[in-house]
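Please open the model in your viewer and keep the selection panel at hand. The stops below follow one another, each giving something to select and then what is there.

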Amino acid sequence: MSRGAAMKASLDDVLSESEQLLLIEALHRLRELKQEALQAVHAEGLRPGGRAFEERDFGIPQIDRLLSKLGDD
């Protein structure tokens with residue numbers, strides 16, 4: 001069993017299906033909010049250390065990986 005499958009199995013043991021869907025929905029909303037924040041700092045021209053903010057500065061790739069692990073690619 002892959003690590004992702006093991007994690008999914010353990011979530012099934014702890015969370016009901018509706019709770020899992022709620023968690024996935026919350027992660028999607030968090031990702032959306034972080035995307036909006038990234039767009040806002042780009043629009044303001046904020047550049048810490050002379051470089052533009054990136055998705056990784058807002059944890060967006062980590063949210064994407066977590067959603068993938070939860071089976072919601």
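**A tour of charged side chains**

Begin by selecting Glu-32, which counts as partly exposed because its relative accessibility is 42%, where buried means under 20% relative accessible area, exposed over 50% and partly exposed in between, with a 1.4 Å probe and protein chains only. Before going further, note that this is a predicted model, in which local features need pLDDT of at least 70 and side-chain atom pairs count only at pLDDT 80 or more, while totals for chains, interfaces and linings use all residues. Residues are numbered from 1 along each chain as its sequence is written, and side-chain values use heavy atoms, with hydrogens and water left out.

Arg-29 is partly exposed, since its relative accessible area is 39%. Arg-29 and Glu-32 form a salt bridge whose closest N and O atoms are 2.6 Å apart, the term standing for a side-chain nitrogen of Lys or Arg within 4 Å of a carboxyl oxygen of Asp or Glu. How far apart along helix H2 are Arg-29 and Glu-32? They are three residues apart in helix H2, so about one helical turn separates them. As a general point, side chains of opposite charge can pair when their charged atoms come close.

Staying in helix H2, which covers residues 17-44, select Gln-35. Is Gln-35 buried or exposed? Gln-35 counts as buried because its relative accessibility is 17%. If residues up to four places away in sequence are not counted, Gln-35 touches Glu-55 and Ile-60, a contact meaning heavy atoms within 4.5 Å.

Now move to Arg-51 and Asp-57, which are joined by a salt bridge with the closest N and O atoms 2.9 Å apart. Arg-51 counts as partly exposed because its relative accessibility is 32%, and Asp-57 is likewise partly exposed at 32% relative accessibility. Then select Glu-54 and Arg-56, whose side chains meet in a salt bridge at 2.8 Å from N to O. Glu-54, at 36% relative accessibility, counts as partly exposed. With Arg-51, Glu-54, Arg-56 and Asp-57 selected together, you have one network, joined by salt bridges that share partners.

To close the tour, how many salt bridges does the count give? By the rule already stated, the count comes to five salt bridges, among them the one between Arg-29 and Glu-32.

Terms used:
Helix = DSSP H or I, 4+ residues; strand = E, 2+ residues; numbered from the N terminus.
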